[in-house]
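Please open the model in your viewer and keep the selection tool at hand. The stops below are arranged so that each selection leads on to its surroundings.

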Amino acid sequence: MREITALNNDITPPHYKIRLIEHNIIAILTVTPGKRHPGGREVLKAQLVEEEIELYNNLDSNEIINELEQMGITERINRSAIEEATRSLTPFEAIIAKGHLPVEGFNGDLYLHSQIENNPCSEHGKIDFREMNPIETVEENGLVATYLPAVPGVDGMDLFGNPVPTKEVFDLNLRLGEQVERRGNKIYALAPGRLLIEKHCSFIKIEVKSEFVHDGTVNLSSGNIKFNGDVRIGEDVENSMTVSATGKIFIGGSVRKATIDAGRSLAIQGHVFSSTVSVGMQEVLEEKLAEQLDELLCYLDQMQKTIHQIIDIRGVHLEDVDAGELKELVRVILKEKYFEFHDKKRDFIRKIKERAAQLSSDWIPVTDKLYSVFTDTSLTTVRNAADFSQLLEEGRALVKHYTKGESSNNYLKIPYAVNSILSCNGTIEVTEAGLHNCSVTANKKVFIEGCCRGGEIKAREKVSIKETGSMNGVKTVIMTDKEGVITIGLARCGTEIWVGGEVHHFDMDKLGVHARIVDGRLCTS
């Protein structure tokens, strides 16, 4: 027999609840509607389904408001939310009263304008672990950091009129050390160097040091060292590592299969093995690029003169000659010289891109404009003849700045080197055993206290060596300019000297060589 249940007006009345949250700032009303079942008929219990349950809500909004008043809440009541709650036939929750939430303040902070890139990759996309510990360096007058002063919060108020305090904020105890200056809330470097920041709780000290000191060995653990200033290394520089600085470099140990590049001077106390060592060679590179750019500007000056003539004839302005017309004009104006100009321009741009890491940033904007105005006019910032004139002015400024001036005072000093490349835009001094199978280039002078066996030595002004060649006749080449002088204490068989275009081979040992050009002829004594 099926079970039959008689349901006679079973009722679950609607009910509500008020609760306070957020330190009594917010009152939340929760309403659950009532339930009642149809009466006066028999229903199979198995057939009783949810659709046969009738929901109803006969709550009175005034009753809820009265309860709020009894709780002590008389203001900032949301009556429309209460009315909506008393009409809802589904579970309902809403904020029915709200005080003032406190507004949190901000502690003082320091925003660093870092230029270090994360996850340095090689050209093949792999992580280069030698570049995992970059040094934070800054430029002179560069923006180092921005000081963000503390901002106090605003207290709130609960539903009973009581204040709700916000959290206390703390300002920074900012101390400025060497070579930094505060201008308003901006902090600038007064000199190039290493950015040092010391932080303890709310205390921060910020300064710029012009010398980076690494007491240990330069290896994979330390990473490559590249610094805008002076560098002092306490011990060795190991295989495949790089030490680069715009100022002076001092290395207390030896250098093995490494690359060392100093902007001003370099002193190495240990020996140099199979390494590339250079001092001041960025200046040499930029001087040569300035010569190339000056040559390109000669072509562009010719273009500019013709453009001005065209403008005068048309009676228009420089701005009316757009980039597309400029590109066509260069072919017409240069005629048979166009391909010569194009090849020189392409060679110049290629060198800039290949050596970008070694060059000052001044070269990039001019090179980009020079490329785009004659290649892809849709991307160029040289929009018309007026911008073209501006490009020429920027190019002339670069040429003037980087054209060779006074002779350099760069200096490279080492005790001994084997199978290495040594380059200096000034003078090179080898103080002890000498050189073995090295390539040496100096823009001024070379002094070698010991022996020079094998390799090639070049200096524009003077080369002075205690002994060259060997008893086995190893070829050793010594070269200087036409006005230069070569002095050798003992030139052994195999030594070859060049003064300008004049050459002399030593087939036997000779003491006291003093080679120079006299009356157009090479004199060796």
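Begin by selecting K344 and E295, whose side chains meet in a salt bridge at 2.4 Å, N to O, a salt bridge being a side-chain nitrogen of Lys or Arg within 4 Å of a carboxyl oxygen of Asp or Glu. K344 lies in helix α5 (residues 338-354) and E295 in helix α3, so the pair ties together parts that are 49 residues apart in sequence; helices here are DSSP runs of H or I with at least four residues, strands are runs of E with at least two, and both are numbered from the N terminus. K344 is partly exposed at 29% relative accessible area, and E295 is partly exposed at 36%, where buried means under 20%, exposed over 50% and partly exposed in between, with a 1.4 Å probe and protein chains only.

Before going further, note that this is a predicted model, in which local features need pLDDT of at least 70 and side-chain atom pairs count only at pLDDT 80 or more, whereas totals for chains, interfaces and linings use all residues. Residues are numbered from 1 along each chain as its sequence is written, and side-chain values use heavy atoms, with hydrogens and water left out.

The structure holds 18 salt bridges, and another of them joins D509 and R492 at 3.0 Å, N to O. D509 lies in the loop between β37 (502-505) and β38 (510-518), and R492 in the loop between β35 (485-491) and β36 (495-499), so this pair ties together parts that are 17 residues apart in sequence. Is R492 buried or exposed? R492 is buried, with a relative accessible area of 16%, while D509 is partly exposed at 41%.

Next, select the largest nonpolar core, which has 48 residues, L266 and L435 being those with the most contacts inside it; such a core is a set of buried Ala, Val, Leu, Ile, Met, Phe, Trp, Tyr and Cys residues joined through side-chain atoms within 4.5 Å. Strand β31 (residues 427-442) gives the most to this core, with six residues. Apart from it lies another core, of 28 residues, among them I333, F341, L370 and L398.

Now move to N410, in the loop between α7 (385-402) and β29 (411-418). N410 counts as buried at 5% relative accessibility, and its side chain reaches the backbone oxygen of G263 at 3.1 Å.

For the last stops, turn to aromatic rings. Select F212 and F227, an aromatic pair that is tilted, with 5.9 Å centre to centre and 40° between the planes; rings of Phe, Tyr and Trp (its six-membered ring) pair if their centres lie within 6.5 Å, and planes under 30 degrees apart count as stacked, over 60 as edge-to-face and the rest as tilted. F212 is buried at 8% relative accessible area, and F227 counts as buried at 4%. Finally, select R183 and Y188, where the charged end of R183 sits over the ring of Y188, 4.3 Å from its centre, under a rule that requires NZ of Lys or CZ of Arg within 6 Å of the ring centre and within 35 degrees of the ring normal.

Conventions:
Polar contact = N/O pair within 3.5 Å; in protein donor to acceptor, adjacent residues only side chain to side chain.
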